[in-house]
Amino acid sequence: MNTPAATAKKTPMIKRILVRCPATAKLTATGLTIDEDLYADTPLKNHKLTCPHCQQVHAWTKKDVVLAR
Ligand SMILES: [Zn+2]
């Protein structure tokens with residue numbers, strides 16, 4: 001599973017985890033951050049957030065995530 005590129009040391013790229021509101025299509029910050037290098041190996045399941053755009057609680061998974069600087 002290892003790739004040559006993964007062995008090189010780099011500065012961690014910390015990203016903010018955003019999800020898109022299904023009601024308003026606006027991006028919403030989850031308050032979570034992640035090192036982009038670890039993201040591919042990090043399971044994200046069963047998360048919920050109270051959406052500031054539509055006031056509903058959205059369940060989100062990895063496929064809903066947008067990473068932002
Ligand atoms: Zn929403």
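**Entry 1: strands E1 and E5**

I began with Leu-18, which stands opposite Val-66 in E5. I note at the outset that the structure is a predicted model. I then looked up how E1 and E5 are joined: four bridges connect the two strands, and they run antiparallel.

**Entry 2: strands E1 and E2**

I turned next to the pairing of E1, residues 14–20, with E2, residues 27–35. These strands also run antiparallel, and I recorded six bridges between them. I then followed the chain through the hairpin of E1 and E2, where six residues lie between the strands. In this hairpin, Ala-25 takes a positive phi near 65°.

**Entry 3: the sheet**

I asked myself in what order the strands of the open sheet lie. The order is E2-E1-E5, which makes an open sheet of three strands with antiparallel pairing. The edge strands are E2 and E5, the latter spanning 65–68, and each of them pairs on one side only.

**Entry 4: Asn-46**

I then left the sheet and looked up the backbone angles of two loop residues. Most residues other than glycine have a negative phi. Asn-46 is not a glycine, yet I found for this residue a positive phi of about 55°. I located Asn-46 in the loop between helix H2, residues 36–39, and strand E3, residues 47–50. Is Asn-46 buried or exposed? Asn-46 counts as exposed because it has 8 C-beta neighbours inside 10 Å, and the limit for exposed is 12 or fewer. I also checked the position of Asn-46 against Thr-61: the two are 15 residues apart in sequence, and their C-alpha atoms are 6.4 Å apart in space.

**Entry 5: Gln-55**

Where does Gln-55 lie? I found Gln-55 in the loop between E3 and strand E4, the latter covering 57–60. Its phi is positive, about 65°, although Gln-55 is not a glycine. I recorded Gln-55 as exposed, because 8 other C-beta atoms lie within 10 Å.

Definitions and conventions. Residues are numbered from 1 along each chain as its sequence is written. This is a predicted model: local features need pLDDT of at least 70, side-chain atom pairs count only at pLDDT 80 or more; totals for chains, interfaces and linings use all residues. A residue is buried if 20 or more other C-beta atoms lie within 10 Å of its own, exposed if 12 or fewer, and partly exposed in between; C-beta atoms are placed from the backbone. Two strands pair if DSSP finds at least two bridges between them.
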